[in-house]
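Try each task before you read its solution.

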Amino acid sequence: MIDRRSRAEGHPRIIVALDYGAAKSALALVDRLDPGLCRLKIGKELFTAAGPGLIETLVHRGYAVFLDLKYHDIPTTVARACRAAAALGVWMVNVHALGGRAMMQAAREALARENQPPRLVAVTVLTSMAAEDLLELGIAGAPMEVVKRLARLAQSCELDGVVCSAQEAAPLRSECGAEFCLVTPGIRPAMAGPDDQQRVMTPRAAVDNGADYLVIGRPVTRAPDPLAVLREINREID
Ligand code: C5P
């Protein structure tokens, strides 16, 4: 069993995205997985539908859980939400870097008071946003520059890392150093199609670019044999 909140972890590097609308379908997949081969990500859809009880079930089954709710609110509210997440036993939790320094520091300080704090990472710029979207919000600069700026801000608030596209991983690795945790979605094994992802990277290429953890959804969740896919990807990246 994985130490659910270990900070010096590594394997497994795969985080399976449980993009389901109900606990029942999520658990039907989880029954076919193995906590030694993957971690799990719960996002807004499943959390809203299934609630915190599902997280406790998954933690109890030995899974490291990334609670992907991207908190973005006033510092006190985010700090309290992070503590509530920690109480559920999650391994990783995230906030929006656009919530600013005070918000990220409040989250950091709240978790520092926990016995085994979850890893705290930030979302920089949503990959769905282009330069013109940022400009409309009054945010100057090319998206990559904004991503780097927000990653540096997150690092200066002592967050553990950021969620970023695999394409951003190499520049962020050199910008933020070896210890900064990079979590990357948009991963497609060589044998899988891209689905609705625009820019994809293979697991091996993402790790070579500096990614620590790979968020993978449909290539695992829709596979006839999800465990075989996990074994194959783990072989590729280890
Ligand atoms: O099925 P797929 O592998 O595309 O799922 C990727 C997961 O990562 C989904 O939960 C998606 O919401 C999330 N994600 C993403 N791109 C981002 C951030 C998160 O695909 N930039």
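How many Å² does the accessible surface of the protein chain come to, and what percentage of that surface belongs to carbon and sulfur atoms? The accessible surface is about 10,700 Å², and carbon and sulfur atoms hold 51% of it. Such areas come from the Shrake-Rupley method with a 1.4 Å probe, and for residues only the protein chains shown count as cover.

A word on the ground rules before going on. The model is predicted, so local features need pLDDT of at least 70 and side-chain atom pairs count only at pLDDT 80 or more, while totals for chains, interfaces and linings use all residues. Residues are numbered from 1 along each chain as its sequence is written, and side-chain values use heavy atoms, with hydrogens and water left out.

**Exercise 1. Describe the overall build of the chain.**

Step 1: start with the secondary structure, which comes to 11 helices and eight strands. Helices (H or I, at least four residues) and strands (E, at least two) are DSSP runs, numbered from the N terminus.

Step 2: look at the dimensions. Along the principal axes, the C-alpha atoms fill a box of roughly 45 × 35 × 30 Å.

Step 3: turn to the inside. Of the 238 residues, 51% count as buried; buried means under 20% relative accessible area, exposed over 50%, and partly exposed in between (1.4 Å probe, protein chains only). Among contacts with a separation of 6 or more, 69% join residues 24 or more positions apart, where contact means heavy atoms within 4.5 Å.

**Exercise 2. Find the strands that pair with β1, and say what covers its faces.**

Step 1: list the partners. β1 runs parallel to strand β8 (residues 213-216), with three bridges joining them, and three bridges also join β1 to β2 in the parallel sense. Two strands count as paired if DSSP finds at least two bridges between them.

Step 2: Valine 16 has isoleucine 216 as its bridge partner in β8 and stands opposite leucine 40 in β2.

Step 3: check the faces. In a regular strand the side chains alternate between the two faces of the sheet. In β1, Ile14 and Val16 lie on one side and Ile15 and Ala17 on the other, and all are buried.

Step 4: compare with β7. Cys181 and Val183 point one way from strand β7 (residues 181-184), Leu182 and Thr184 point the other way, and all are buried. Strand β6 (residues 161-163) pairs with β7 in the parallel sense over three bridges, with valine 162 opposite leucine 182.

**Exercise 3. Trace what surrounds the cis peptide bond.**

Step 1: locate the bond. The peptide bond from histidine 11 to proline 12 is cis, with omega near -10 degrees, and proline 12 is found in the segment before β1 (14-17).

Step 2: look for contacts. Glycine 36, in the loop between α1 (23-30) and β2 (39-42), is in contact with His11 and Pro12, leaving aside its neighbours within four places in sequence.

Step 3: Asparagine 234 lies in helix α11 (residues 226-237). With the neighbours within four places set aside, asparagine 234 is in contact with His11, Ile14 and Leu37.

**Exercise 4. Work out the setting of tyrosine 63.**

Step 1: judge the cover. Tyrosine 63 is buried, since its relative accessible area is 3%.

Step 2: name the neighbours. Not counting residues up to four places away in sequence, tyrosine 63 touches Val30, Leu33, Asp34, Pro35, Cys38, Leu40 and Leu58. Its C-alpha atom is separated by 5.9 Å from that of arginine 39, 24 residues apart along the chain.
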